[in-house]
Amino acid sequence: MSVDAKLQSLGLTLPDAPAPAANYVPFVVSGNMVYVSGQISADENGLITGTLGDDLDVDAGQAAAKRCALSLLAQVKAACGGDLGKLKRVVKLGAFVNSTADFTQQPQVVNGASDVLVEILGDAGRHARSAVSAPSLPMGVAVEIDGIFEIES
């Protein structure tokens with residue numbers, strides 16, 4: 001099943017590839033690798049803001065991380081000229097969770113991104129990752145995730 005068909009069967013839609021918010025590019029293609037800049041948590045209603053361990057719980061954080069993963073895929077789609085069939089695998093995610101000093105469930109929050117990537121891509125969605133706490137993130141968002149992807153060259 002194609003990635004687009006899998007997204008449709010799951011009732012998921014990729015957002016438009018977000019434009020960068022500062023002086024950087026949204027992705028860099030080098031050989032058969034795509035390096036995607038950090039994607040912040042946002043949905044059709046705007047930014048998903050808040051602090052895990054304060055005004056957001058793990059479920060809300062997972063939903064925010066899932067939205068970051070969909071934005072990452074949107075950037076990969078743009079990098080592949082609109083053809084997600086060229087995506088071979090997710091290599092690594094780097095995740096930042098806006099959380100209180102005593103919040104320790106960053107890995108569970110980032111599972112929101114990891115789980116949806118595996119759901120969409122199967123084994124090609126399994127990846128290495130880091131999940132770390134940040135005392136604040138740009139524009140007060142809950143989660144930011146960057147990624148490295150392998151594509152057909």
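Q: Which element gives the most to the lining of the largest pocket?
A: Strand β2 gives the most, with four residues, where a strand is a DSSP run of E over at least two residues and a helix a run of H or I over at least four, both numbered from the N terminus. β2, β3 (42-43) and α2 are the elements that give two or more residues to this lining. This is a predicted model, in which local features need pLDDT of at least 70 and side-chain atom pairs count only at pLDDT 80 or more, while totals for chains, interfaces and linings use all residues. Residues are numbered from 1 along each chain as its sequence is written, and side-chain values use heavy atoms, with hydrogens and water left out.

Q: What makes a residue part of the lining of the largest pocket, and which lie nearest its centre?
A: A pocket is an open set of points on a 1 Å grid over the protein atoms alone, where a 1.4 Å probe fits, with protein on both sides within 12 Å along at least five of seven lines, and a lining residue has an atom within 4 Å of a point. The lining has 21 residues, of which Pro 18, Ala 19, Gln 39, Ile 40 and Ala 42 lie nearest the centre.

Q: Why are β5 and β7 called paired strands?
A: Pairing requires that DSSP find at least two bridges between two strands; β5 (residues 87-98) and β7 (residues 143-151) have nine, in the antiparallel sense, and therefore count as paired. Gly 94, for example, has Asp 146 of β7 as its bridge partner. β2 (residues 33-40) also pairs with β7 in the antiparallel sense, over six bridges, with Val 36 bridged to Gly 147.

Q: How do you know in which sense β5 and β6 run, and what is the hand of the crossover between them?
A: Seven bridges join β5 to β6 (residues 128-134), and these strands run parallel, with Leu 93 bridged to Arg 129 in β6. From β5 the chain passes through helix α3 (residues 106-121) to β6, and this β-α-β crossover is right-handed, because the path from the first strand over the helix to the second runs clockwise when the strands point away from the viewer.

Q: What makes β1 and β6 edge strands?
A: The open sheet has five strands in the order β1-β2-β7-β5-β6, with mixed pairing. β1 (27-30) and β6 each have a single partner strand, so one side of each is left without a neighbour in the sheet.
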